[in-house]
Amino acid sequence: MAEEKKAESGGSSSALKNFLAGGVGGVCLVAAGHPLDTIKVRLQTQPKVGPGETPLFTGTLDCFRKTISKEGFLGLYKGMATPIVGVTPLYAFCFLGFSVGKKLQEKYPNEEMSNLQIFNAGMVSGVFTTGIMTPGERIKCLLQIQQASPEKAKYSGPLDCAKKIFKESGIRGLYKGTCATLLRDLPGSGMYFMTYEALLKWLTPEGKTRNDISPLRILTAGGFAGMANWTVSIAPDTLKSRLQTAPDGTYPNGVRDVFTQLMREEGPKGLFKGLTPIMLRAFPANAACFLGYEMAMKLLNWIAPNW
């Protein structure tokens with residue numbers, strides 16, 4: 001009965017299982033969602049234009065077409081090496097942080113969490129991942145905004161980018177945008193896990209447990225969880241992307257200066273640039289992530305039930 005209740009409420013698998021299953025989920029997410037992430041970052045960070053001037057990209061489809069025509073299909077995967085390398089520890093800490101967040105609120109073992117408690121646990125997850133997320137996001141965004149001319153490209157790849165940032169600005173340069181990342185990931189992670197767990201519970205057939213749910217229902221819950229995450233994360237993500245790709249000294253007061261300038265020059269609409277590719281990406285990428293995680297966890301529980 002205890003095991004059944006653990007399965008129904010998400011349980012608290014071992015750190016090693018979370019590490020392995022989270023890594024699988026993260027790789028699935030990156031592979032499914034990176035092209036639209038590249039488009040999102042390019043739309044968020046494209047140069048401002050004056051009256052009567054045509055922007056570099058007029059929208060999601062235009063950005064997609066121009067990227068393909070100038071850089072080929074692989075241009076959509078620029079910067080992917082960094083998140084791929086980082087996803088295993090990132091998602092290990094993500095799911096571990098979620099587990100810790102639930103444990104901190106439990107009054108008794110395997111207590112079924114309320115939606116608010118799951119949201120709070122998700123925010124703990126956001127804190128756990130920031131240390132890995134921030135430098136990875138910084139490198140990814142800088143690589144994504146580079147256009148097709150190799151002779152003009154400042155960075156030849158993720159390692160070269162990391163080395164040059166460190167040489168120019170030290171460790172602080174790699175962690176530029178930490179507060180902005182927290183501003184995005186605390187509410188975003190809370191909404192992410194709360195939506196997934198609530199939908200998974202709702203989609204579980206009566207009399208069945210979490211382990212009995214079909215892959216299609218996992219995909220559905222994961223996809224909508226991703227969309228809920230980005231609904232609250234898109235505005236702070238825009239601020240983060242601009243801060244992390246701006247030359248040093250552009251925003252001396254950090255994300256506050258980014259927000260002030262954006263409001264003055266573009267208004268609230270500027271916060272939601274890249275919303276279309278983000279939402280197009282959110283469903284399949286996060287559906288793939290949770291399906292990969294759940295399937296890997298089932299496999300690990302079958303192979304090594306006592307871990």
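Predicted model: local features only at pLDDT ≥ 70, side-chain atom pairs only at ≥ 80, totals over all residues.

Student: Fine. Which helix is D237 found in?
Tutor: D237 belongs to helix α8, which covers residues 215-245.

Student: Is D237 buried or exposed?
Tutor: D237 counts as buried because its relative accessible area is 0%, and the cut-off for buried is under 20%.

Student: Which side chain joins that of D237 in a polar contact?
Tutor: The partner is R184, and the polar contact is 2.8 Å. Leaving aside neighbours within four places in sequence, D237 is in contact with several residues, including K40, Q44 and E137.

Student: Now the cores. How many residues are in the largest nonpolar core?
Tutor: That core has 29 residues. Among those that touch the most other members are L29, Y91 and F290.

Student: And which element gives the most to this core?
Tutor: Helix α10 does, with seven residues. Apart from this core lies another, of 10 residues, among them A180, A246, Y251 and L262.

Student: What is Y91 in contact with?
Tutor: Beyond its neighbours within four places in sequence, Y91 is in contact with N18, G22, G23, G26, L29 and C289.

Student: Last topic, the surface. Which residues make the nonpolar patch?
Tutor: L16, F19, L20 and W307 make a nonpolar surface patch of about 380 Å².

Student: Why is F19 called partly exposed?
Tutor: F19, found in helix α2, is called partly exposed because its relative accessible area is 34%, and that term applies between 20% and 50%.

Note on methods
Residues numbered from 1 in each chain as written. Heavy atoms only, no water. Helix = DSSP H or I, 4+ residues; strand = E, 2+ residues; numbered from the N terminus. Buried < 20%, exposed > 50% of the residue type's maximum accessible area, 1.4 Å probe, protein only. Polar contact = N/O pair within 3.5 Å; in protein donor to acceptor, adjacent residues only side chain to side chain. Contact = heavy atoms within 4.5 Å. Core = buried A, V, L, I, M, F, W, Y, C linked by side-chain atoms within 4.5 Å. Patch = residues over 30% accessible without salt bridge, like charges linked within 9 Å, V, L, I, M, F, W, Y side chains within 5 Å. Areas by Shrake-Rupley, 256 points an atom, 1.4 Å probe, with all protein chains shown as cover. Salt bridge = Lys/Arg side-chain N within 4 Å of Asp/Glu carboxyl O.
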